[in-house]
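This briefing goes through one protein chain, topic by topic. Please keep the sequence and the structure in view while reading.

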Amino acid sequence: MTHPTADRSWSSLFRMAAAAGALFALSGCASVFLVDNQVQSYARWADRPTPSGTATIPQAPQVYRFDRLPSQQDQRSGAGQDALEKLAAISLAKVGWTPAAAGVTPPWTVEVSGATLRLPRAPWESPFDNYWGGGFGPGFGFPGRDYVVTGSGQIVYAPLFLRMDTPYYQREVSLVIRHAASGRVVYETRAAHDGRWNSSNPLWMAMLDAALRDFPAPPAGLRQVNIEVPR
């Protein structure tokens with residue numbers, strides 16, 4: 001016979017476990033991943049300081065137009081460049097810069113570029129990691145090794161299962177702002193991120209937002225800018 005107190009205890013534990021599971025599921029739905037960026041920016045708004053001793057920094061709102069390098073005008077890269085500029089326009093709007101209306105000559109041009117390097121594995125990973133060594137003949141092997149040791153003590157490299165590499169990506173975005181009339185570069189910023197995340201609009205948006213952090217008067221030197229992106 002089951003004791004009533006035991007039944008109540010198990011029932012309470014079941015309810016607590018179910019509630020914890022539901023809470024975990026909800027927290028998982030609302031989780032984020034961190035896009036950590038290495039950012040470096042350079043501001044050259046004026047060739048020399050003004051009489052007051054400060055550089056001439058344009059205040060928002062400002063208007064601009066996108067400018068492209070010859071390689072970015074190529075038909076093969078046109079669609080990707082269109083998508084990148086749309087994301088850059090969203091990030092620039094957050095700092096008060098918007099594309100100029102048709103027929104308006106803007107004071108600034110913006111050149112945006114992005115690059116991805118796909119590696120077969122992370123830089124710190126060895127191509128020989130996670131092999132499974134298999135014993136044969138008089139030798140023997142241990143899981144995790146890529147070799148076996150024969151009865152005479154000889155080491156024979158013989159992986160039983162090949163390693164399944166997980167791609168690793170190194171990405172960078174850059175924005176260059178020029179004075180439209182003179183072509184002089186007045187602002188340059190880059191954000192670099194690496195990790196296993198697949199390419200997506202939220203990922204590139206996070207990198208662009210990081211590149212424009214502290215715009216238009218960024219601190220000197222390399223800095224880390226973390227952006228949280230919902231999963």
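Which residue of S4 stands opposite Phe-66? The residue is Val-110. The model is a predicted one. The protein chain has 231 residues, and 29% of them count as buried.

**Overall make-up**

- Three helices and eleven strands make up the secondary structure of the protein chain.
- Along the sequence, the elements follow the pattern α-β-β-α-β-β-β-β-β-β-β-β-α-β.
- Among contacts in the protein chain with a separation of 6 or more, 72% are between residues 24 or more positions apart.
- The protein chain has an accessible surface of about 14600 Å², and carbon and sulfur atoms account for 60% of that surface.

**The sheet**

- Seven strands form an open sheet in the order S3-S2-S4-S9-S10-S1-S11, and the pairing is mixed.
- Strand S3 (97–99) and S11 are at the edges; each has a single partner strand, so one side of each has no neighbour in the sheet.
- On average, neighbouring strands of this sheet are turned by 30 degrees against each other, with direction ignored.
- In general, the strands of a sheet pair through backbone hydrogen bonds, and the pairing is either parallel or antiparallel.

**Strand pairs**

- Strand S2 (residues 62–66) and strand S4 (residues 108–119) run parallel and are joined by three bridges.
- The residues Phe-66 and Val-110, opposite each other, illustrate a position in S4.
- S4 is also joined to strand S9 (residues 168–179), by twelve bridges, and these two strands run antiparallel.
- Ser-113 has Ser-174 of S9 standing opposite.
- Eight bridges link S1 and S11, which pair in the antiparallel sense.
- Asn-37 has Val-225 in S11 as its bridge partner.
- As a general point, side chains in a regular strand alternate between the two faces of the sheet.

**Helix H3**

- H3 lies across S1, S4, S9, strand S10 (185–195) and S11.
- The angle at which H3 runs to S9 is about 45 degrees.
- Nine of the eleven residues of H3 are buried, and the helix is mostly covered.
- Among the buried residues of H3 are Leu-203, Trp-204, Met-205 and Ala-206.
- As a rule, an α-helix has 3.6 residues a turn, so residues three or four places apart point the same way.

**The largest pocket**

- The largest pocket holds about 220 Å³ of space.
- Its lining includes Gln-72, Gly-80, Gln-81, Ser-113, Gly-114, Ser-199 and Trp-204.
- Helix H2 (75–93), S4 and H3 are the elements that give two or more residues to this lining.
- H2 gives the most to the lining, with five residues.

**Ala-122 in a loop**

- Ala-122 is in the loop between S4 and strand S5 (132–133).
- Is Ala-122 buried or exposed? Ala-122 counts as buried because its relative accessibility is 2%, and the cut-off for buried is under 20%.
- Apart from neighbours within four places in sequence, Ala-122 is in contact with Tyr-168 and Arg-196.
- Ala-122 and Arg-196 are 74 residues apart along the chain, while their C-alpha atoms are separated by 8.4 Å.

**Backbone exceptions**

- Most residues other than glycine have a negative phi, and most peptide bonds are trans.
- The peptide bond from Ala-60 to Pro-61 is cis, with omega near 5 degrees.
- Pro-61 is placed in the loop between strand S1 (32–43) and S2.
- Phe-215 and Pro-216 are also joined by a cis peptide bond, with omega about 10 degrees.
- Pro-216 belongs to the loop between helix H3 (201–211) and strand S11 (223–230).
- Asp-214 lies in the loop between H3 and S11 as well.
- Asp-214 has a positive phi, near 70 degrees, and is a residue other than glycine.

Technical notes: Residues are numbered from 1 along each chain as its sequence is written. This is a predicted model: local features need pLDDT of at least 70, side-chain atom pairs count only at pLDDT 80 or more; totals for chains, interfaces and linings use all residues. Side-chain values use heavy atoms; hydrogens and water are left out. Two strands pair if DSSP finds at least two bridges between them. Helices (H or I, at least four residues) and strands (E, at least two) are DSSP runs, numbered from the N terminus. Buried means under 20% relative accessible area, exposed over 50%, partly exposed in between (1.4 Å probe, protein chains only). Contact means heavy atoms within 4.5 Å. Accessible areas come from the Shrake-Rupley method with a 1.4 Å probe; for residues, only the protein chains shown count as cover. Axes are lines fitted to C-alpha atoms, for helices over the stretch in contact, and angles run from 0 to 180 degrees between N-to-C directions. On a 1 Å grid over the protein atoms alone, a cavity is a set of points where a 1.4 Å probe fits but cannot get out, and a pocket is an open set with protein on both sides within 12 Å along at least five of seven lines; lining residues have an atom within 4 Å of a point. Grid points are joined across faces, edges and corners, and a volume is the space filled by probe spheres set on the points.
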